[in-house]
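Please open the structure in your viewer and keep the selection panel at hand. Each stop on this tour names something to select and then says what is there.

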2 protein chains.
Amino acid sequence: MSGNLIMTNVRPMGADATSITITKGRITGYGEAVRDDADTLDGDGAILIPGLVEAHTHLDKTLLGMPWYHNDVGPRLIDKIENERAQKRLLGIDPARQSERQALLSSSLGSTHIRSHVDVDTDLGLAGIEGVLETREKLRDIVDIEIVAFPQSGMLVRPGTVALMDQAMKLGAQVVGGLDPSAIDRDPKGHLDVVFELAERYGRPVDIHLHETGELGAFSMELIVERTKALGMQGHVTVSHAFCLGMPDQDYVAALIDALAEARVHILTTAPAFKSVPPVKRLMDAGVVVGAGSDGVRDTWGPYGNADMLERAVFVGLRNNFRRDDEVAMALETCTHGGARMMECEGYGLEPGCSADLVLLDGETLAEAVVARRPRKAVIKSGRIVAQDGKSIMTAP
Amino acid sequence: MSGNLIMTNVRPMGADATSITITKGRITGYGEAVRDDADTLDGDGAILIPGLVEAHTHLDKTLLGMPWYHNDVGPRLIDKIENERAQKRLLGIDPARQSERQALLSSSLGSTHIRSHVDVDTDLGLAGIEGVLETREKLRDIVDIEIVAFPQSGMLVRPGTVALMDQAMKLGAQVVGGLDPSAIDRDPKGHLDVVFELAERYGRPVDIHLHETGELGAFSMELIVERTKALGMQGHVTVSHAFCLGMPDQDYVAALIDALAEARVHILTTAPAFKSVPPVKRLMDAGVVVGAGSDGVRDTWGPYGNADMLERAVFVGLRNNFRRDDEVAMALETCTHGGARMMECEGYGLEPGCSADLVLLDGETLAEAVVARRPRKAVIKSGRIVAQDGKSIMTAP
């Protein structure tokens, strides 16, 4: 396909209706004349937004399309981690097939970019990375997939994992992951030594799962900020979850937010209802980039995720008590521009020159379209229609 | 209609498929032979659950079907209360029309019972009560609506409100409402004197909005428990929201839960993500009845509510970190049996003899059907099909 497309009667971010011209996969203008060599789509007054960005999920281990997994797992984090490692073999969770299922679901729901953490451990080695790489290649015209090498079961506590992380980066993982330097790996300095050494060696960004709450998480966050600055990695480091930013000590939180802003360390939230969470508005007001993600989608950890980033915007809104229309727009921003900046997407947005990664939403206003979460009218990737009325152009395996 | 119905190939709570026979609006048996004088519905393997119970909403002030309300209201509770009173006139929110819209939406989503708090105040008097009474009568064969006379703007702080509350009960409100005895009405003893005096006089239950957090809310809750016992109203009093039960002092929370259980005071939660909330599992384990509700559905308070009680079950699950299948079932129970016990519904459930208020859900297992939240296959009220495939048999105004 040419990547030339004209969409008429669309309302950018809910503003007045206009047409948009896309040439060779990029936005070339608004309100322009019709061209002969372009496909045309009547937007019918739909709201135009940039592609949704699923900035934190786990494509390799969703159970989508598999028989329902009856969850009776124990309450601790380690229960879930150990159960999952066992279930991967017992259930036969195929990372290639499963990641394709979820990525196509995501695309049909408007996501044009996905950052996926992919498990690297001594049980299954690089099978997850290899599977998601296969999907990344297969769906390259449908959705951008960025792979984080993720030591889900711990790194230093499981000898052999560091070498696998190194191999994962060689194979094509684009981001170095990490996980609870103290609570899981029992050695915060040692854990961050490895993570940042890999990042330096491969010239890649970092994204660390930080479930640690309160002062312990804050300490880890300080260490991450210090290294980011020491290594000149400002703008290339994300802390995912960051529950510690929801701790009661508001003076400490304020100091952490200042430090994050200064080091340009990004925050990723899934806006969980049951945990302390990063305060999205305060972070954004301080200039910190905040992205959002689904986390696990129907996996052995829990049954809820559905890969819908409009629903995630609603969750960000509900969790942060966003009620005003401008606040709903802020929640949506975590699911669009926030994630895009985190993923360092080149040419993301609605401006001429940007890549034509777009979604058309039926709705009266932007806020109404977000809260209603109707099937997406159309999803455009690089100027090409990849989903319409909630259905992907590709069939999932 | 006869209220005679046979549904074949249905799975009660996800168990093995059977048929259900309904006679004159009541369940008369399972797996029985076909009768001549009954309509038949092929359940096609759908999961059968009792009707969903929307146990806390505000039918009189939803903005459903009206132009989108651009929300730029201030952050305090009083900002929202005062803005709403003004907007009721400015926007022309018609309680009869609006309550009918929401009640039909609820019914199409599987709710067979609704408890609605309805505003009573000195600005609009009993207009809300009169409007919802009209809808209650009009939809009597579709959904049971129970009306709480609710002093949203305060009672003692707005002279004239007590007399209106009395008139609301005379007009046909079935429950006496209350609101933040200290934080809003500034006189906890005085507020509860009036609420419980009305309840005694009319022989009606009580349902009090208690947003007060921490020790203040706990004090109000103690007062409510004391009066419940003193007046022999065990089983007839609900505390809605009850944010104080999410306070940090766990010993105090444990003592409150014991007191609630002993006085058979019920708890209603909307499972808000941004507030401290009652711990659902601990309450249910202690024998306290826990119901759930949508609270406001797309009103001047906020844009999010959608009247879907399966989604509310998901919110209860997410807020309480319920991940296991048995926990998802517990979340659903707040949206079925919990609300039904709170509303003192006679003959509620799936047992023979119960009123045939039922929902058919497409789904692999009960937990899967809850988290997927698909359009409801069928909704049955008193043995009559009132919605199919997500559509009500009645058209909303």
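Begin by selecting chain A of this predicted model and colouring it by its two domains, of which domain 1 is made of residues 5-50 together with 349-389, while domain 2 covers residues 52-342. Where the two domains touch, 21 residues of domain 1 of chain A and 22 residues of domain 2 of chain A take part in the contact. Together, domain 1 and domain 2 of chain A bury about 1700 Å² between them, and carbon and sulfur atoms give 69% of that area.

Next, look for charged pairs across this domain interface, where 3 salt bridges are found between domain 1 and domain 2 of chain A. To see a salt bridge in chain A, select A:Asp308 and A:Arg376, whose closest N and O atoms lie 2.9 Å apart. Counting polar contacts between domain 1 and domain 2 of chain A gives 6 residue pairs, with both residues at pLDDT 80 or more.

Now select the side of domain 1 of chain A that faces domain 2 of chain A, to which strands E4 (39-50), E13 (358-361), E14 (378-381) and E15 (384-388) and helix H11 (366-372) each supply at least two residues. Which element supplies the largest share of this side of domain 1 of chain A? The answer is H11(A), which provides 5 residues. If you colour this side of domain 1 by residue type, you will see 15 nonpolar residues, 1 polar residue and 5 charged residues.

The tour now moves to the pair of chains. Show chain B beside chain A and select their contact, to which chain B gives 36 residues and chain A gives 36 residues. Chain B and chain A bury about 3300 Å² between them, and 56% of this lies on carbon and sulfur atoms. Select B:Trp68, B:Tyr304 and B:Arg323, for these three supply 26% of the area that chain B buries against chain A, more than any other three residues.

Across the interface of chain B and chain A there are 4 salt bridges. Zoom in on A:Glu311 and B:Arg373, whose side chains form a salt bridge with an N to O distance of 2.8 Å.

Return to the interface as a whole, where 24 residue pairs are in polar contact between chain B and chain A, both residues being at pLDDT 80 or more. On the side of chain B that touches chain A, helices H9 (309-319), H10 (325-342) and H11 (366-372) of chain B each give two or more residues, and H9(B) gives the most, with 6 residues.

Finally, superpose chain B on chain A, which takes a rotation of 180 degrees with 0.0 Å of shift along the axis and leaves an RMSD of 0.0 Å. The two copies are therefore related as by a two-fold rotation axis. To find the axis, select B:Ala273, whose C-alpha, at 2.3 Å, comes closest to it of the residues of chain B.

Terms used:
Residues are numbered from 1 along each chain as its sequence is written. Chains are lettered from A and ligands numbered from 1 in the order in which they are written. This is a predicted model: local features need pLDDT of at least 70, side-chain atom pairs count only at pLDDT 80 or more; totals for chains, interfaces and linings use all residues. Side-chain values use heavy atoms; hydrogens and water are left out. Domain bounds come from an automatic or database domain assignment. Contact means heavy atoms within 4.5 Å. Buried area is the accessible area (1.4 Å probe) that two parts lose on being put together, summed over both. A polar contact is a pair of N or O atoms within 3.5 Å; within protein, one must be able to donate a hydrogen and the other to accept it, and residues adjacent in sequence count only if both atoms are side-chain atoms. Helices (H or I, at least four residues) and strands (E, at least two) are DSSP runs, numbered from the N terminus. Ala, Val, Leu, Ile, Met, Phe, Trp, Tyr, Cys and Pro count as nonpolar, Asp, Glu, Lys and Arg as charged, and the others, Gly among them, as polar. Copies are superposed by least squares on the C-alpha atoms of residues with pLDDT of at least 70 in both.
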